[in-house]
Amino acid sequence: MNNRLILPIFCSAAALCAGAGMTPAAAQTTQRSASDDNGGLVDIIVTAEKRSVSSQRAAAAITAITSDEITARGIQNVLQVQNLVPALKLAQEGSTAVAFIRGVGVAINLNTDPGVSVNFNGTNIPRDVTGATNMFDVERVEVLPGPQGTIYGRSASGGVINVDFKRPGKEMGGDFQVEYGNYDFVHLSGAIDLPASETARFRIAANYNKRDGYLSSGSGAEDDLGFRLSTVLEPTDRLSVFLWGSYIAHRGSFPNGVNYPFLDPDHPYNDLQPAAYQAFGPVSEGTFHQDVYLAGGQVDYKGDGFTLSYIPAYSRAKADTYYFYGGVPIVFDYSVDQQSNELKLATDPGSRLQVLGGLYQFRMSYKDFVVGLPFGNVYDFPLSKLYGVSAYAQFTYSLNPALRVVVGGRYSSTKRHAEVNENLGVGVPPQPFTFSKRYNRADWKAGIEADVGPASMAYATIQTGFNPGTFNTNPSVPGSKPGVDPTKLLSYTAGIKNRFFNNRVQFNVEGFYYDYRDLLVTAANVRTGVTQAYNAKKVEIYGMQVDTRYAPTSRTEFHASVGYLHAENKDFIFPDPSGGADIDLTGLTPIYAPRWTINVGASQTIPLRSGAEIVLRADNHTESHAWAQFDHAPGTRTGSYSKTDLSISFSPAGKPFSLTGWVQNVENARQTSLAVSGGIPGPAAIVLARPRTYGVRMGFDF
């Protein structure tokens, strides 16, 4: 695609917002209560661009999910966010959440940086932590698509997912939920605010989640327990300290991979295949054991016209996993530690020149990392480190009250060091080798924002990004090499955001074009027992995202979002890991890049004469097929699907109580969340997402 696509999108959207007969609302709207009979849409304050701003004033197609929606949709982990965001694909492999936004990310390969940065309270966390059930007592989830290299750095070449936890309230109180559903699902969650004084307050939150496995072997079970303690200290009007710590015990069993040739369409969740196809013994329920420790904080000092923030964070996870891929048992053991520090300076909004800048440092290490198969260890390295420093700055200058220019940049220096025991096959002693390399990179950003109406803002941005290079743990495998080049990209984005008809209608549209060079991709092949990293020399991605909302009254709301994505390898010659001839993958679609994703939904509040309320909600997620392996191996086509979630809630008048019945995946749609080439006997092993689930939930506020 040439860059001419962006300009028509931008101009046509601008013309639409200026169309005759449309009466925009005020540019800055405020929060409304549910009882406001005048209706209108609620503004959501987001921080995805590292500054607090209305989502309608952010120059990006941000999807923001509030705590009320998280509860109503029954979201308990990051993976479930997929059904709310266009062109977002999430899957879990072992302890790791694999994330792709608009076709960009990195499949499971723990010595390769993810293409999507996941952040808790503004701090990046290892992707190994995101597979755990962390979505309790959450204030907001934000998904920012597209490269964000100048602000977030190395791991955000595809986008950002931000999760913000609730902070302690100023008054004593709390909430509690109890839930029960099929597969013996039990969920308990609660939190309490404990103000100690006018300058100190605390919040304690806990979560318990248990569910039987949905596969015939019993795999796919969950048994999680989490705690979080947070505090806010405000010793002066200028100084604020937010500290938090969390522990999650993640237990259960990762869903086994079902061998594709023997997948029974009438019983797709039967992973107990005939013994003739179980080359390594009978398939059984695996085990999953992960302990996650998280801690962080933010110290804000408000000066005259600026805020200086210090943001430290620490995370640690240890995982022991045993599961099956198409009858092949896999052992997955490791621990990961990461610590980071960020110093950020932001000037107050309203000034003609706004400045955002900072310094960032991180250090991440894997220890005793082993992935074992019956015929040897795929991975075996006692130590792998990634550490670096960076400096970033972004300036927004108002040329006039309606026109602003944005320029920014980031310089980073990242070093990767690993000590590896290479597996050369059964009976061959492991061969040690060391990999060490530093990656220096300067990224830049330039953009323009224009208020083209009282409640309409248009924007256009050009920026670069990168992911640092990596190494292969089995460099002696044919077609492999020890070092893999870093990913580099140039992106173009343009869009417009609008509110019409007295703040009742929202219509946002964004077009984008991404030019990726040396895109990091990984290939998992059970036949050879090797997961390798490669570079796709050139990958082109372009598309459009449309987000709409309509609130005719305060009790009725409709929403819809549509994502169109065209992703194509323009130059990718893949060396066959089995030693055969090179394979030309030019023209193929990259993994986890569905052409269409559509989300639609509605909610209706029905008031009763007694003062009680009934809330009806329906949401549907539909997406076209995608590929789970970049070589489009047989059996790795995920297939299109459509799934609907329904719920009905009752709240008595004047009582802090609610009762909700819910059903997720009403159609019982079969959704492939993950696929790996080369099952035993082949050609692929498929991991299926949850079937239909249903239950009831009671909530209390006190």
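The protein chain has an average pLDDT of 85, and 87% of the residues score at least 70; pLDDT is the predictor's confidence in each residue, from 0 to 100. Over residues 1-37 the pLDDT is below 50, although this stretch has 68 contacts in the model beyond near neighbours in sequence (contact: heavy atoms within 4.5 Å). Where pLDDT is low, the predicted coordinates should not be read in detail. Because this is a predicted model, local features need pLDDT of at least 70 and side-chain atom pairs count only at pLDDT 80 or more, while totals for chains, interfaces and linings use all residues. Residues are numbered from 1 along each chain as its sequence is written, and side-chain values use heavy atoms, with hydrogens and water left out.

Five strands form it in the order β3-β8-β9-β6-β7, with mixed pairing; strands are DSSP runs (E, at least two residues) numbered from the N terminus, and two of them pair if DSSP finds at least two bridges between them. β3 (63-66) and β7 (123-124) stand at the edges with a single partner strand each, so one side of each is left without a neighbour in the sheet. β3 runs antiparallel to β8 (residues 138-145), and four bridges join the two. Within this pairing, Thr-63 has Val-143 of β8 as its bridge partner.

On a 1 Å grid over the protein atoms alone, a cavity is a set of points where a 1.4 Å probe fits but cannot get out, a pocket is an open set with protein on both sides within 12 Å along at least five of seven lines, and lining residues have an atom within 4 Å of a point. The largest cavity has a volume of about 680 Å³ and is lined by 35 residues, with Asn-77, Leu-79, Gln-80, Ala-689 and Arg-690 nearest its centre. β4 (88-93) supplies the largest share of this lining, three residues. The second largest pocket holds about 1500 Å³ of space; of its 49 lining residues, Thr-47, Lys-50, Arg-51, Ser-52 and Val-53 lie nearest the centre.

Finally, the structure holds 19 aromatic pairs. Among them, Phe-100 and Tyr-592 form a tilted pair, 4.9 Å centre to centre with 50 degrees between the planes (ring centres of Phe, Tyr or Trp, its six-membered ring, within 6.5 Å; under 30 degrees is stacked, over 60 edge-to-face, the rest tilted). This pair links distant parts of the chain, 492 residues apart: Phe-100 in β5 (residues 96-101) and Tyr-592 in the loop between β31 (583-584) and β32 (596-607).

Terms used
Grid points are joined across faces, edges and corners, and a volume is the space filled by probe spheres set on the points.
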